[in-house]
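Take a moment to look at the chain from a few angles before reading on. Then let us walk through it together, one region at a time.

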Amino acid sequence: EQGTQELTTAFRTLVNEERLAGAKVRIALSGEFCVTRVVTGPTDDVRREFAELEDRSLRYLTLGPGKKALAGCTQQLDARHQHALLAVANQRTLDQLMRIADAVGVQVECIEPSLIALSRAQAQLHSACQDACLLIQLDEGVAELGICHNGRLLLDYRPGGHTNAENVADVVALHISRLQ
């Protein structure tokens with residue numbers, strides 16, 4: 001309850017200072033609040049693995065107790081290959097965000113994993129590289145790693161142990177061959 005009040009106050013301040021009342025907004029959730037899975041490959045393999053991920057995702061305990069919400073997207077890459085994304089969040093988290101948005105007077109257009117949003121943003125950079133890129137998102141005490149190419153998240157990588165701002169370079173160096 002205290003966290004909800006603090007987030008509502010922060011959103012209200014942002015809406016007032018930036019004159020966002022009535023605006024459509026997108027909310028990006030860090031890996032602490034959602035789990036992202038990526039599958040790329042032959043169409044039949046992607047469909048099978050995507051279905052398995054959907055079944056398994058309802059048991060993600062790190063997202064907290066209760067009902068989970070799933071959102072998925074599949075894109076055809078060519079005649080035989082697909083790229084699929086699955087995002088899972090606790091339904092209570094999404095409900096709270098919607099209530100907060102309503103309370104501060106903004107319209108939520110989209111709630112998505114932050115690494116997906118960063119992938120799209122990276123593709124829009126004027127100096128965007130044409131090769132796959134390593135994304136590193138640093139939050140309070142947590143670092144998330146991802147690989148993207150042409151605005152598409154290819155890998156959401158969570159190395160074992162605790163990755164944070166202090167050790168992210170060491171973690172990347174240790175896992176560089178796997179990431180490549």
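Predicted model: local features only at pLDDT ≥ 70, side-chain atom pairs only at ≥ 80, totals over all residues.

Residues are numbered from 1 along each chain as its sequence is written, and side-chain values use heavy atoms, with hydrogens and water left out. The names of helices (H or I, at least four residues) and strands (E, at least two) come from DSSP runs, numbered from the N terminus.

Let us begin with strand β4, residues 81-90. Nine of its 10 residues are buried, so β4 is largely enclosed by the rest of the structure. Here "buried" means under 20% relative accessible area, "exposed" means over 50%, and "partly exposed" lies in between, using a 1.4 Å probe and protein chains only. What are the partners of β4? Strand β2 (residues 34-42) runs antiparallel to β4 and is joined to it by nine bridges; two strands pair if DSSP finds at least two bridges between them. In this pairing, P42 stands opposite H81. Strand β3 (residues 68-76) is also antiparallel to β4, with nine bridges joining them, and there L70 stands opposite V88. A hairpin connects β3 to β4 through four residues. As background, strands of a sheet pair through backbone hydrogen bonds, either parallel or antiparallel.

Next, find the open sheet of three strands, whose order is β6-β7-β8 with antiparallel pairing. Strands β6 and β8 stand at the edges with a single partner strand each, so one side of each has no neighbour in the sheet. From one strand to the next, the twist averages 30°. Between β7 and β8 there are five bridges, and H149 stands opposite R152 in β8. Helix α4 (residues 114-124) packs on this sheet, touching β6, β7 and β8, and its direction makes about 130° with that of β6. Contact means heavy atoms within 4.5 Å. For the angles, axes are lines fitted to C-alpha atoms, for helices over the stretch in contact, and values run from 0 to 180 degrees between N-to-C directions.

Helix α5 lies across β6, β7 and β8 as well, running at about 35° to β7. Which residues of α5 are buried? They are V168, V171, V172, H175 and L179. These residues cover an arc of only 100° around the axis, which puts them on the same side of α5; the arc is that of the directions from the helix axis to the C-beta atoms. The cover over the buried residues of α5 includes β6 (133-139), β7 (142-149) and β8 (152-157). On the other side of α5, A169, D170, A173, L174 and S177 are exposed. An α-helix has 3.6 residues a turn, so residues three or four places apart point the same way.

Now for the charged pairs. A salt bridge is a side-chain nitrogen of Lys or Arg within 4 Å of a carboxyl oxygen of Asp or Glu, and by this rule the count comes to four. One of them joins E109 and R26, with the closest N and O atoms 3.2 Å apart. This pair links distant parts of the chain, since E109 is in strand β5 (residues 107-113) and R26 is in strand β1 (residues 24-29), 83 residues apart. Another salt bridge brings together the side chains of E112 and R120 at 2.7 Å, N to O. E112 is buried at 10% relative accessibility, whereas R120 is partly exposed at 33%. R26, E109, E112 and R120 are linked in a network of salt bridges. D45 and R48 also meet in a salt bridge, at 3.3 Å from N to O. These two sit three residues apart in helix α2 (residues 43-57), so about one helical turn separates them.

Finally, turn to two loop residues. Most residues other than glycine have a negative phi, and most peptide bonds are trans. R19, although it is not a glycine, has a positive phi of about 55°. R19 is found in the loop between α1 (2-17) and β1, and R19 is exposed, with a relative accessible area of 75%. N150 has a positive phi near 50°. N150 lies in the loop between β7 and β8 and counts as exposed at 54% relative accessibility.
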